[in-house]
Amino acid sequence: MRAIELGEYGGPEVLKAVDVDVPEPAAGQVSIDVAYAGVNFADLKARAEGYRVDALPARLGLEVSGRVRALGAGVTGLAVGQEVAALTSGGGYAEVAVADAATVFPVPVGLGLRTAATLPTVLPTAQALVHAVGRLQPGETVLVHGAAGGIGTVVGRLAKAAGAGAVYGTVSSSAKAAYAREHGYDELFTGDFARDPGALEKAVRAATGGRGVDLVLDPVGGPLFEAGLASLAVFGRLVSFGNASSAAPWQVGQPELYPTGISVSGFSILTLSQTAPDALRALAEAAFAKVVDGTVVLPVTAEFPLADAAEAHRLLGSRTSTGKLLLKVA
Ligand SMILES: NC(=O)c1ccc[n+]([C@@H]2O[C@H](COP(=O)([O-])OP(=O)(O)OC[C@H]3O[C@@H](n4cnc5c(N)ncnc54)[C@H](OP(=O)(O)O)[C@@H]3O)[C@@H](O)[C@H]2O)c1
């Protein structure tokens, strides 16, 4: 079968199409004939800096849609030929992928395999950020970094559906601001906030009459993490869920938390899939239902053949993309 392999860390050009043996599912796993593979920002970090890569050569790809090809020992509740969407722990950019049965979800009735490929990482993550971890209450205000990206698109929609008083976002261009406005955002802040984090706090305070926001969702880290903390209202919450800036890990203690009773929490879908797969399943079911009922739409804005995975990485890395990018495999 064809797969995309990473032999060294570097730019998109290190992604190579190779012929490899078809993987067989171990006990508790299934193999999937892949129709589409999702492209995630985490894949770019894996390619460039080895994020969650155990050893080289490595195969990238954290989510797929397709049909179950074979069941490993002990797998129940899934059938060969069934249409599924799955989180994988790598190897999704391939004609056949293997996933733990616990992270394989039947495609919801009414959705096609193309839409299904947009679900596994973004939907449960956004559901966790807004509800399980972020605990957004009706009337509260939210600030989301990367508002026009995959996660940002769905979070905007979910926050609005949850009755947010106002949804604010940061984006790197006015074109992205226009896109985000169509997905639940009331106001977008553009600027080089990594260079000037104080400008972001100022903009948030101005937009909220000086109060600050109740919830900040931060996939960037570094100066934007600091600006997010500074932009919180009294008793506000910040959820850290990524480190797009590749900053040193954040550290927070009494000096930041005590004065206004703020809290910081974190979320990783990949870790949760290992530590609490039942909790992940509940998040996925709740979130997928919102796609089926139309509450959430995550547009596929670009699709590439499997062999052109490097092009997909170039586009996502250029910071000009919106919504979701897919690889069409079959
Ligand atoms: N914790 C989890 O479970 C989890 C799950 C999925 C995704 N994530 C994280 O969520 C974020 C979005 O993921 P995605 O796959 O949906 O990608 P995406 O948002 O479609 O694309 C990446 C986003 O990161 C921003 N960005 C890129 N380089 C950046 C940099 N150097 N500094 C600051 N921002 C940068 C871009 O926004 P602008 O150009 O508009 O700033 C862009 O929206 C990523 O950080 C990812 O790691 C976390």
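Domain 1 (2-118 + 299-328) and domain 2 (123-270) each contribute at least three residues to the lining of the largest pocket. The domain bounds come from an automatic or database domain assignment. This is a predicted model: local features need pLDDT of at least 70, side-chain atom pairs count only at pLDDT 80 or more, and totals for chains, interfaces and linings use all residues. Residues are numbered from 1 along each chain as its sequence is written, and side-chain values use heavy atoms, with hydrogens and water left out.

## The largest pocket

The volume of the largest pocket is about 1,300 Å³. Its lining counts 48 residues, and Phe41, Gly146, Pro219, Val220 and Ala244 are the closest to its centre. A pocket here is an open set of points on a 1 Å grid over the protein atoms alone, where a 1.4 Å probe fits, with protein on both sides within 12 Å along at least five of seven lines; lining residues have an atom within 4 Å of a point. Points are joined across faces, edges and corners, and a volume is the space filled by probe spheres set on them.

At least two lining residues come from each of α1 (41-49), α3 (122-132), α4 (150-161), β10 (166-171), α9 (269-275) and β16 (324-328). α1 gives the most, with 6 residues. Helices (H or I, at least four residues) and strands (E, at least two) are DSSP runs, numbered from the N terminus. By class, the lining has 24 nonpolar, 18 polar and 6 charged residues. Ala, Val, Leu, Ile, Met, Phe, Trp, Tyr, Cys and Pro count as nonpolar, Asp, Glu, Lys and Arg as charged, and the others, Gly among them, as polar.

## The second largest pocket

The second largest pocket holds about 480 Å³. Of its 26 lining residues, Arg52, Leu62, Thr88, Ser89 and Gly90 lie nearest its centre. α1, β4 (58-59), β7 (96-100) and α9 each supply at least two residues of this lining. Its residues divide into 12 nonpolar, 9 polar and 5 charged.

## Backbone exceptions

Most residues other than glycine have a negative phi, and most peptide bonds are trans. Arg52 has a positive phi of about 60 degrees. Arg52 sits in the loop between α1 and β4. It is partly exposed, at 45% relative accessible area (buried is under 20%, exposed over 50%, partly exposed in between; 1.4 Å probe, protein chains only). Pro57 lies in the loop between α1 and β4. A cis peptide bond joins Leu56 to Pro57, with omega about -5 degrees.

Arg319 also has a positive phi of about 60 degrees. Its place is the loop between α11 (309-317) and β16. Arg319 is exposed, with a relative accessible area of 59%.
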